[in-house]
Amino acid sequence: MRFKALTITLFVFLTVVCLAIAQTENSPSEKWEAPAEAAAQPNPEAKNPDAAAAGRKLFMRTCAGCHEEDGSGKDTGAANLRSPEVQAQSDGALFWKITHGNTEHGMPSFASLPETSRWDVITFVRTLKDDSGKGSEGSEGKKQGSGSSNQSRQQQ
Ligand code: HEC
């Protein structure tokens, strides 16, 4: 009998421990933060007048499937790249996130893209900055984000 009680106690204890671990692992992606050193890296493409256009092309081809053409991700549930939370992050921080991804939460790693392309896409994401913070339609970013994003313009 004592043995049974012990088994039950142990079982309950282990269940609690497992639940606690699961909780931590599923906690929101607040922990997904770029290291300070990476976040401090400046965008070498920031002053290149062609960067945003190049980045836009890449975005439509590579990112829009999840983040949508306007970057809002409102129908797909991917991160809203127009949101103040994202726009407040440094270019270096976004570069780090795009490079490493967060595969557990559905964001692939794009380390295979050339570095310049990753910086270009960030330069484009900056043009999506949304005043309302909701990724709503009709703002500047929407026009830039969707516009004439037909296939022919996406080919290089
Ligand atoms: C397969 C779907 C998918 C693709 C393709 C994708 N993303 Fe994401 N992305 C996500 C998801 C889902 C998240 C949210 C991950 C999280 O919060 O943990 C995310 C998060 C991000 C973030 C971080 C947002 C934040 O909250 O800090 C950035 C920046 C980003 N994506 C940019 C891009 C760029 C640029 C591309 C194209 C090169 C791209 N993503 C392609 C799904 C995708």
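Read from the N terminus, the elements of the protein run α-α-α-α-α-α-α-α, which amounts to eight helices and zero strands, where helices (H or I, at least four residues) and strands (E, at least two) are DSSP runs numbered from the N terminus. This is a predicted model, in which local features need pLDDT of at least 70 and side-chain atom pairs count only at pLDDT 80 or more, while totals for chains, interfaces and linings use all residues. Residues are numbered from 1 along each chain as its sequence is written.

Of the 156 residues in the protein, 26% are buried, a residue being buried if 20 or more other C-beta atoms, placed from the backbone, lie within 10 Å of its own. Among contacts (C-beta atoms, placed from the backbone, within 7 Å) with a separation of 6 or more, 65% join residues 24 or more positions apart.

Two packed helices are described by the angle between their axes and the distance between the axes. Helix α3 (residues 51-67) packs with α6 at an angle of about 95 degrees, their axes lying 7 Å apart; axes are lines fitted to C-alpha atoms over the stretch in contact, and angles run from 0 to 180 degrees between N-to-C directions. The two helices are therefore roughly perpendicular to each other, the term covering angles of 65 to 115 degrees. On the α3 side the contact includes A51, G55, L58, F59 and C63, and on the α6 side W119, V121, I122 and F124 are among the residues that take part. Its residues divide into 10 nonpolar, three polar and two charged, with Ala, Val, Leu, Ile, Met, Phe, Trp, Tyr, Cys and Pro counted as nonpolar, Asp, Glu, Lys and Arg as charged, and the others, Gly among them, as polar.

Helix α6 (residues 115-126) also meets helix α5 (residues 91-100), the axes coming within 10 Å and crossing at roughly 125 degrees.

Leaving aside residues up to four places away in sequence, V121 touches G55, L58, F59, C63 and I98.

How values were computed:
Buried ≥ 20, exposed ≤ 12 C-beta atoms within 10 Å, placed from the backbone. Contact = placed C-beta atoms within 7 Å. Parallel < 35°, antiparallel > 145°, perpendicular 65-115°, else oblique.
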